[in-house]
Amino acid sequence: MESMACYRLECNSHFVVQERVGKKRNLMDVPSERPEEQLVKRRRSESGEKDVETIKPETNVEASSTVTRRVGEENPLKRKCMDVSQGPESRPEGTGKRNRTETEENYKKMKDMFLKRYAVGRMLGRGGYASVCAGVRKSDGKKVALKIMSKIINDKYITVPGDTRRLPAEVAILELVRKPPRCPYVIELLDWIETPAGIVIVLERPDHCVDLFDFCSRVDVTENMAKIIMRQVIQAARHCRARGVFHRDIKEENILINPHTLEVKLIDFGCGDLHKDTPYTEYAGTPIYFPPEWITERKYEAEPATVWGLGVLLYSLLCGHRPFNSPHQTVHGLQCFPDHLSIRNKIHICTQSCHC
């Protein structure tokens, strides 16, 4: 089987694409709102792609299995317990109640202070665990995005290298990727707050941006455009790797693009983890982007899995649809190419090399 998983995460002169002959659209004519009468060339048809899924290995799992499960699915809004109940012999009477009250009062003060700093506007999007709203920082009028996440019973907390704090996983990862020198192709964390019920993350909000999936739904992406987009996404992935971060869910829906300039921003680190050189045995991400080794062996490594996902993204940009429709096709590399795609890009997508 030939695999995409062995590309290097590099922007080099090899990545050459040619302009697609056929229907094109001027980027400056892209409407700010999608017309009702305009045909959409692709749909979010894959049932697993809208929601991020966390998958753990199970015994006796067949290679063709596509069963996935969301952690905390039974009650995603369930709050975390703020203190562990103890017996009367280990805790003086009334101590737990007093500590809980003090903690909630402190959280309330933080929340009030937060709302004084930011004005919350319209909702920009909603997912299984979070909602994203437009916002404005009152001190200077800066546009921001507020990602509001409900706590679930098994939220992940991590301690980043060189720090002693236990931070919510997404916050910790964003703290790492924003360390200077910054990457212009990765969304920037501006602020965050934690309450007993949830976490609010304040992010930069670029002007005139839409997610890459919506952009591709109304624009025919040429090979030259795909080259510009992929160069930036690869730089974003390289930056994450250099900061010790594994994004794990690089896909069209997690990339913002300015339709006039083709500038991109990698967003949504909710499936991310700290980068490690040993194999991962859990997967958090979108099923269509699963690398074949996860399907067959229930383990994978960060860098090959990232490159595999970039290959799936490139194919989707150039061909207008996903390369694989089943685990069997993923494992055996079964995909077809439209006639308009240049031979050079067919070779780029299909070429296999050993892990370097």
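Colleague: On what basis are the features reported?

Modeller: This is a predicted model, in which local features need pLDDT of at least 70, side-chain atom pairs count only at pLDDT 80 or more, and totals for chains, interfaces and linings use all residues. Residues are numbered from 1 along each chain as its sequence is written, and side-chain values use heavy atoms, with hydrogens and water left out.

Colleague: How many helices and strands does the chain have?

Modeller: Both are DSSP runs numbered from the N terminus: helices are H or I of at least four residues, and strands are E of at least two. Counted in this way, the chain has eight helices and 14 strands.

Colleague: What percentage of the residues in the chain is buried?

Modeller: Buried means under 20% relative accessible area, exposed over 50%, and partly exposed in between, with a 1.4 Å probe and protein chains only. The accessible surface of the chain, from the Shrake-Rupley method with a 1.4 Å probe, comes to about 19200 Å², and 51% of that belongs to carbon and sulfur atoms. Of the 356 residues in the chain, the buried share is 45%.

Colleague: Which residue in the turn of the β3 and β4 hairpin has a positive phi?

Modeller: Strands β3 (residues 130-137) and β4 (residues 142-150) run antiparallel and are joined by eight bridges. Within this pair, alanine 130 is opposite methionine 149, and glycine 135 is opposite valine 144. Four residues lie between the two strands of the hairpin, and the turn residue with a positive phi, about 75°, is glycine 141.

Colleague: How far apart are the end C-alpha atoms of helix α4?

Modeller: The expected span of a helix is 1.5 Å times one less than its number of residues. For the 20 residues of α4 (residues 223-242), this gives 28 Å, which agrees with the separation of the end C-alpha atoms, 28 Å.

Colleague: What angle does the direction of α4 make with that of β12?

Modeller: An open antiparallel sheet has the order β9-β11-β12. Its edges are β9 (210-211) and β12 (264-266), each with a single partner strand. Helix α4 packs on this sheet and touches β11 and β12, where contact means heavy atoms within 4.5 Å. With axes as lines fitted to C-alpha atoms, for helices over the stretch in contact, and angles from 0 to 180 degrees between N-to-C directions, the direction of α4 makes with that of β12 an angle of about 30°.

Colleague: Is methionine 225 buried or exposed?

Modeller: Methionine 225 is found in helix α4, and its C-alpha atom is separated by 9.1 Å from that of leucine 317, 92 residues apart along the chain. Because its relative accessible area is 9%, methionine 225 is buried.

Colleague: What separates the C-alpha atoms of valine 186 and glutamine 232?

Modeller: Valine 186 lies in the loop between α2 (169-177) and β7, and counts as buried at 2% relative accessibility. Not counting residues up to four places away in sequence, valine 186 touches several residues, including Ala236 and His239, both of which are among the buried residues of α4. Glutamine 232 is 46 residues from valine 186 along the chain, and their C-alpha atoms are separated by 9.4 Å.

Terms used
Pairing = 2+ DSSP bridges.
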